[in-house]
Amino acid sequence: MSLQRTFVFLAVLSILPLLGMFSFVWRHWRPYQQSQERSGYRKAMSAIERRLLLDSNGSSSLLYATQALKASSAATEVLNVKGEKRTPSKVTSAKTGSDVTKFNVTSTLVLFIGYPRSGHTLISSLLDAHPHVAIANEYKLLHRWMDFSAKQRTRQYIFNELLNDSVRQSMFGYRSATVNHTFNYAVPNQWNGRYDKFLEIVGDKHGPQTTKFLEDPKHWSTVTEIEELLNVTVRFLHVIRNPLDNIATMAVRRQTNRTFIEQGKVLDNFDLLRQQMRTYFHLSEINSKLLTKLKVLNIYSEDLISNPKPVLSTLCRFLNLKCSPSYLSTCSSIVFGSTSNTRSNVQWTQELKEMTYRHIDKHPFLHRYRSH
């Protein structure tokens with residue numbers, strides 16, 4: 001019996017290294033496989049970008065690149081924002097136009113200044129839906145400009161970068177008709193991720209960070225440099241929302257997610273509320289100065305939501321952009337329909353409300369929100 005126990009003990013000892021090796025392979029194989037999938041996906045996306053940059057025959061450049069994406073087995077399953085795998089049922093159709101000529105008449109670069117949770121994403125998506133406009137989503141142009149080489153500081157390079165980001169957003173981002181998001185910013189039957197023959201306007205939506213970058217007066221010369229080197233006029237969109245709702249949304253989204261608001265809960269965190277008030281106050285102080293230095297249009301979110309067409313028409317005039325009735329109507333159809341009164345989802349003290357109203361009184365662009 002003792003001999004049998006010894007034999008079993010030795011057999012178990014001999015198996016343990018094999019079990020350890022199997023465990024090691026099991027733990028590391030799946031991450032390796034996922035990394036290979038991501039690598040294949042990146043290669044497919046790279047193929048799209050190369051095709052966008054190189055194709056110059058006026059045909060559907062992205063369409064051919066999309067075939068490379070669909071042919072890649074590593075990229076047929078796309079991770080959505082929740083990390084769940086899904087196969088896109090539709091891939092955005094191609095931008096149309098010649099790579100050589102599409103930027104010939106590009107005369108305006110649009111940038112955003114403002115505050116978190118104020119409505120930049122909606123407005124940038126509506127602009128991107130125009131047949132002669134391409135707006136990137138948080139490309140961080142001004143920040144990147146500081147690190148670009150002389151070869152990169154060209155119309156062709158910069159405009160293609162912004163265009164490619166517009167395409168990515170229409171395929172996999174907030175402007176995609178096939179990716180699940182809480183809000184879908186795709187404008188049906190319009191030109192998100194596409195353009196018609198040429199582009200008059202390119203841009204980058206990165207509001208609060210652009211404001212912070214321009215806080216330093218030394219950086220104002222960056223705007224002038226871009227205008228001179230790229231031969232464009234830089235125009236800014238200042239998106240404004242009721243400060244009480246804006247600050248409340250900033251606080252809620254800092255601590256929790258959107259379902260908190262949908263469930264009608266109330267946030268009771270005065271320290272967090274004070275922190276977000278300081279952030280908002282600081283940004284609005286900077287923006288108040290920028291309004292006197294830059295070419296800026298104030299856009300009020302409440303006006304856009306309650307009556308989109310006049311606001312969009314004003315925006316088009318500011319950008320010297322022709323906007324068809326079809327474009328205005330379709331863009332208006334995706335606007336939410338009612339403003340979000342988020343201030344009721346946050347508990348305010350009388351002191352904090354009074355501080356906010358005193359700040360509103362300091363800045364003319366906020367006077368419409370004065371307490372009555």
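**Group meeting: rings, cysteines and a covered strand**

The charged end of Arg-368 sits over the ring of Tyr-300, 3.9 Å from its centre. The rule here is that NZ of Lys or CZ of Arg lies within 6 Å of the ring centre and within 35 degrees of the ring normal. Arg-235 is placed in the same way over the face of Phe-318, at 5.2 Å from the ring centre.

Before I go on, this is a predicted model, with local features needing pLDDT of at least 70 and side-chain atom pairs counting only at pLDDT 80 or more, while totals for chains, interfaces and linings use all residues. Residues are numbered from 1 along each chain as its sequence is written, and side-chain values use heavy atoms, with hydrogens and water left out.

Next, the aromatic pairs. Rings of Phe, Tyr and Trp (its six-membered ring) pair if their centres lie within 6.5 Å; planes under 30 degrees apart are stacked, over 60 edge-to-face, and the rest tilted. That rule gives 5 aromatic pairs. One of them is Phe-103 with Phe-159, edge-to-face, at 5.4 Å centre to centre and 70° between the planes. Phe-103 is in the loop between β3 (96-97) and β4 (108-113), and Phe-159 is in helix α5 (residues 155-172), 56 residues apart. Helices (H or I, at least four residues) and strands (E, at least two) are DSSP runs, numbered from the N terminus.

Buried means under 20% relative accessible area, exposed over 50%, and partly exposed in between (1.4 Å probe, protein chains only).

Now the cysteines. The structure holds 1 disulfide, meaning a pair of cysteine sulfur atoms within 2.5 Å. Cys-316 and Cys-323 form it, with sulfur atoms 1.9 Å apart. Their link is left-handed, with -90° about the S-S bond, and both residues are buried. Cys-331 is in no disulfide; the nearest cysteine sulfur, that of Cys-323, is 8.0 Å away. Cys-331 is also buried, because its relative accessibility is 0%.

Last, strand β5, residues 133-137. In β5, 5 of 5 residues are buried. Val-133, Ile-135 and Asn-137 are on one side, with Ala-134 and Ala-136 on the other. β5 runs parallel to β7 (residues 201-205), joined by 5 bridges; strands pair if DSSP finds at least two bridges between them. Within that pairing, Ile-135 has Gly-203 as its bridge partner.
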